[in-house]
Amino acid sequence: MSAVDQAHMARALELARKGLYSTHPNPRVGCVIVKDGQVIGEGWHVRAGEPHAEVHALRQAGDAARGATAYVTLEPCSHFGRTPPCADALVKAGVARVVAAMQDPNPQVAGQGLRRLAEAGIEVACGVLEAEAREVNGGFIKRMETGLPFVRVKLAMSLDGRTAMASGESQWITGAAARRAVQRLRARSSVVLSGADTVLLDAARLTVRPDELGLDAEQTALAAARQPLRVLVDGRLRVPLGAAFYQAGPALVASCAERDGFAGEGRELLVLPGADGHVDLAKLLAELGARGANEVLVEAGPRLAGAFARLGLVDEYLIFIAPKLLGSSARPLLELPLEKMAEARALKIADIRAVGDDWLVTARPV
């Protein structure tokens, strides 16, 4: 892996990230075509059903693509989906070399794209900046490998680990910059999920508000064009149909209860088995994965967030910390009853950064 290969792949990854808010349920992919040391074509996948990154880059390169090297962040597809195979397009264009960051985890591809290129006489390399490529598409990779989406739990707390006053009052613990960051997290997610307690206490709508994203015009337009699926976990159907949540657009409600006439006006009721009125969250995630959800953002209170934690369903915690003290009577971060130090849940901190006056800690279960 040469420094030149790494540099061009880094640019391809930069292009892939332009699809952060729009490619669902497809992966985010970027492509750079280089000939005689010069970039002659660039492209990225914008949204499902439209041309893939390689096609955009090849169109820009034109006839000059013959004999060039194509850098792509994910193995070129080899099957017919909504668009023709990218591997065939690269062969037809006459590129001499293809460098992929990683193999496609989709069983319909899984090495076949690279094999098709090699059989056509094209030099193939794979594994350049693979770790970075996996970060860009963590949700897609997990869904392809396990059938389940990547689950992020977003939490906001005071410096003393509290999320709301004893009354339930919680707006606003964090500042405007953190709230913009949360809007971007929603926009990149396939699903935004919450529970009845949060919807009732905060009148939560869980929508993406484009004017609060803090993105450039291009990215704002892409994010605004797609609202994530809003999922409400309401085991006993406690949230009234007149709630702000239901007025904000289509929603999927996961419940243990059935109610005649509930579905309609954009509402879908998914009845799942559960104990004591608590929805089986593992089965809910499996259903969301089957529907093509790559990334699920959980924005919930300590009870539901704690349930995800207890069941080992969390891939990543995003914890916003505000420089405030809410006091010992305020509500805890998670309902996670542990009695012994040996029961403590170990986390690995992946990132810590300032967000306005607050801090964001990204942590993953060990």
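Me: Why is E54 called buried?
Reply: The model is predicted, so the label rests on computed values. E54 has a relative accessibility of 3%. Buried means under 20%. The value of 3% falls under that cut-off, so E54 counts as buried.

Me: Where is E54, and what does the record say about E54?
Reply: E54 sits in helix α2, residues 53-61. An unreviewed UniProt entry annotates E54 as "active site". That label comes from the record, and such annotations may be inferred rather than shown by experiment.

Me: Which residues does E54 touch, leaving out those up to four places away in sequence?
Reply: C31, V72, L74, P76, C86 and L90. Of these, L90 is also among the residues that touch the most other members of the largest nonpolar core.

Me: What else stands out in that core?
Reply: The largest nonpolar core has 41 residues. M9, I33, L58, V95, V98 and L117 join L90 in touching the most other members. Helix α1, residues 3-16, gives the most to this core: five residues. A second, separate core holds 34 residues, including V233, L285, A305 and L313.

Me: Why would such residues gather?
Reply: In soluble globular proteins, nonpolar side chains tend to be buried together.

Me: Which contacts does L117 make beyond four places in sequence?
Reply: L117 is in contact with P76, A87, L90, V91, V98, I122 and V124.

Me: What makes E42 and R11 a salt bridge?
Reply: Their side chains meet at 2.9 Å, N to O. The rule asks for a nitrogen of Lys or Arg within 4 Å of a carboxyl oxygen of Asp or Glu. The distance of 2.9 Å is within 4 Å, so the pair qualifies. E42 lies in strand β2 (residues 38-44) and R11 in helix α1, 31 residues apart.

Me: Why are E42 and R11 called partly exposed?
Reply: E42 has 23% relative accessibility, and R11 has 28%.

Me: What makes R364 and E135 a salt bridge?
Reply: Their closest N and O atoms are 3.3 Å apart. The cut-off is 4 Å, so the pair passes. Both residues belong to a network of salt bridges that also links R28, R152, R188, E295 and E316. The structure holds 24 salt bridges.

Me: How do you know that the two domains meet?
Reply: The assignment gives domain 1 (3-135) and domain 2 (147-365). Contact means heavy atoms within 4.5 Å. By that rule, 13 residues of domain 1 are in contact with 15 residues of domain 2, so the domains meet. Together they bury about 1200 Å², 46% of it on carbon and sulfur atoms. Y21, H24 and R28 supply 55% of the area that domain 1 buries against domain 2. Three salt bridges cross this interface.

How values were computed
Residues are numbered from 1 along each chain as its sequence is written. This is a predicted model: local features need pLDDT of at least 70, side-chain atom pairs count only at pLDDT 80 or more; totals for chains, interfaces and linings use all residues. Side-chain values use heavy atoms; hydrogens and water are left out. A nonpolar core is a set of buried Ala, Val, Leu, Ile, Met, Phe, Trp, Tyr and Cys residues joined through side-chain atoms within 4.5 Å. Buried means under 20% relative accessible area, exposed over 50%, partly exposed in between (1.4 Å probe, protein chains only). Helices (H or I, at least four residues) and strands (E, at least two) are DSSP runs, numbered from the N terminus. Domain bounds come from an automatic or database domain assignment. Buried area is the accessible area (1.4 Å probe) that two parts lose on being put together, summed over both.
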